[in-house]
Amino acid sequence: MGQSHPIGAQRERSGPAIADHRLVIDKGDTAWILVCSALVLLMTVPGLALFYGGMVRQRNVLATLLQSFAALCVVSLQWILFGYSLSFGPDKFGGFIGDLSWAGLRGVGPGPYAAYAATIPHQVFMIFQMMFAAITPALICGAFAERMKFSAFLLFTLLWSTLVYDPIAHWVWSEGGFLHKLGALDFAGGTVVHLSSGTAALVCALVLGKRRGYPKTPMPPHNLPMTLMGAGLLWFGWFGFNAGSALEASGVAANAFLSTHAAAAAAGLGWMFCEWKLRGKPTALGTASGVVAGLVAVTPTCGYVGPIAAIAIGAAAGALCFGACHLKTKLGYDDSLDVVGVHGVGGTFGAIATGLFAWKAINAAGGDGLLHGNPGQLGTQLVAIGATILLAAPATYLILKIVNATVGLRVSEDDEDAGMDLSQHSERAYAIGDTPMGEQVVARSEMPSESMIPELGKPVAQ
């Protein structure tokens with residue numbers, strides 16, 4: 001594998017790397033990472049867009065879909081202009097943030113940058129990382145679904161990507177990042193993507209408050225087939241997310257691919273059986289949610305563990321995230337689409353599991369975990385978890401306050417009742433058979449009983 005990059009590998013270096021056009025670009029590796037970049041883009045649109053869109057009320061589906069598209073647009077430009085430089089640029093601030101010497105992609109050219117990926121163009125590495133940066137704020141949308149102004153969402157996405165995502169990416173993945181130097185392992189984004197977004201999701205849910213009618217009003221998904229299609233596209237794209245983080249077509253990439261799939265399958269069954277035991281019946285929404293939970297949990301560790309460990313991680317993640325989503329109702333906050341329970345809890349568990357199961361026999365450029373004789377790795381993972389939360393939580397709160405003071409955070413009660421599609425975008429998703437005020441949203445932990453579901457074709461009363 002390409003053992004010189006900070007994502008799938010950790011290696012001692014004697015000094016800062018420089019771009020070297022004499023390094024040989026491997027066409028196979030380059031083609032593989034370009035394909036993986038497209039797969040990660042597919043995770044955001046249409047994958048995440050459909051996954052979230054199916055779970056919201058019919059009158060909010062277009063607004064929810066658009067949030068994923070808009071996040072991709074905003075973050076892509078931010079990444080090119082200055083985000084990539086802040087995340088991966090030369091470090092001059094003690095391992096906390098990059099400088100702006102690569103702003104506008106100055107110096108990010110067709111030659112390899114050996115510190116990150118020695119066999120692909122620096123621009124290809126940048127593009128691959130762009131897709132990670134784009135999906136992370138899009139994940140947060142599920143926490144405040146149906147109640148944040150679109151203008152607020154755009155400003156929040158820009159500020160959060162700059163003040164939260166970019167620093168954490170630098171800490172963990174940049175050659176100068178302090179957590180990278182400490183030896184924290186995050187193969188494809190357990191802390192950088194999932195824990196950061198899950199932490200931010202909790203803060204957003206608490207600051208914006210509950211949806212009107214929550215939790216007394218039944219809120220079933222308006223289109224479960226859409227959600228299942230989105231989950232399938234996420235599963236498919238996740239192979240680019242995880243296996244692509246080897247940054248070359250190699251044995252480590254193959255292992256990450258296999259571990260990713262094994263964990264997802266085990267987690268889908270783990271959530272299914274927990275739901276079956278508790279409620280008497282398994283559900284399509286629950287099984288799809290379990291698959292996503294397994295994908296989240298295996299993300300930081302997929303390049304460091306084999307398939308048997310991945311199965312254990314996935315099965316545990318399915319049960320753990322199922323429980324976390326149910327705990328939400330007891331705690332009383334309204335995380336509309338369970339971003340905290342799936343991404344926050346799943347990302348935390350995955351980072352801990354890396355400290356337990358990582359094995360140099362799988363990836364010599366990684367490290368051994370507790371179960372392979374290195375308890376210190378677990379401690380390092382806990383430090384990375386704590387650092388991520390300590391930045392993401394207060395920074396997200398501050399950003400929300402800034403957004404509220406400038407453009408306002410939440411739509412009016414009338415706009416919320418009318419629906420985000422009409423109030424924010426003057427559009428409606430369905431022209432035939434539409435019931436604009438006839439349905440609500442459900443989170444995974446609040447699936448209604450059969451007696452609460454109306455007869456086919458009849459809207460749910462407000």
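Reader: Which residue forms a salt bridge with E146?
Author: In this predicted model, local features need pLDDT of at least 70 and side-chain atom pairs count only at pLDDT 80 or more, while totals for chains, interfaces and linings use all residues. A salt bridge is a side-chain nitrogen of Lys or Arg within 4 Å of a carboxyl oxygen of Asp or Glu. For E146 the closest N and O atoms are 4.0 Å apart, and the partner is R211.

Reader: How many residues apart are E146 and R211?
Author: Helices are DSSP runs (H or I, at least four residues), numbered from the N terminus. E146 lies in the loop between α3 (122-140) and α4 (150-173), and R211 in the loop between α6 (190-208) and α7 (224-243). The pair links distant parts of the chain, with a separation of 65 residues.

Reader: Are E146 and R211 buried or exposed?
Author: Buried means under 20% relative accessible area, exposed over 50%, and partly exposed in between (1.4 Å probe, protein chains only). Side-chain values use heavy atoms, with hydrogens and water left out. Both E146 and R211 are buried.

Reader: Why does E413 count as exposed?
Author: E413, in helix α13 (residues 413-418), pairs with R212 in the loop between α6 and α7, at 3.3 Å from N to O. R212 counts as partly exposed at 34% relative accessibility. E413 counts as exposed because its relative accessibility is 52%.

Reader: What is the relative accessibility of E275?
Author: E275 forms a salt bridge with R279 at 3.0 Å, and both lie in helix α8 (residues 251-279), four residues apart. R279 is partly exposed at 31%. E275 counts as buried, at 1%.

Technical notes. Residues numbered from 1 in each chain as written. Helix = DSSP H or I, 4+ residues; strand = E, 2+ residues; numbered from the N terminus.
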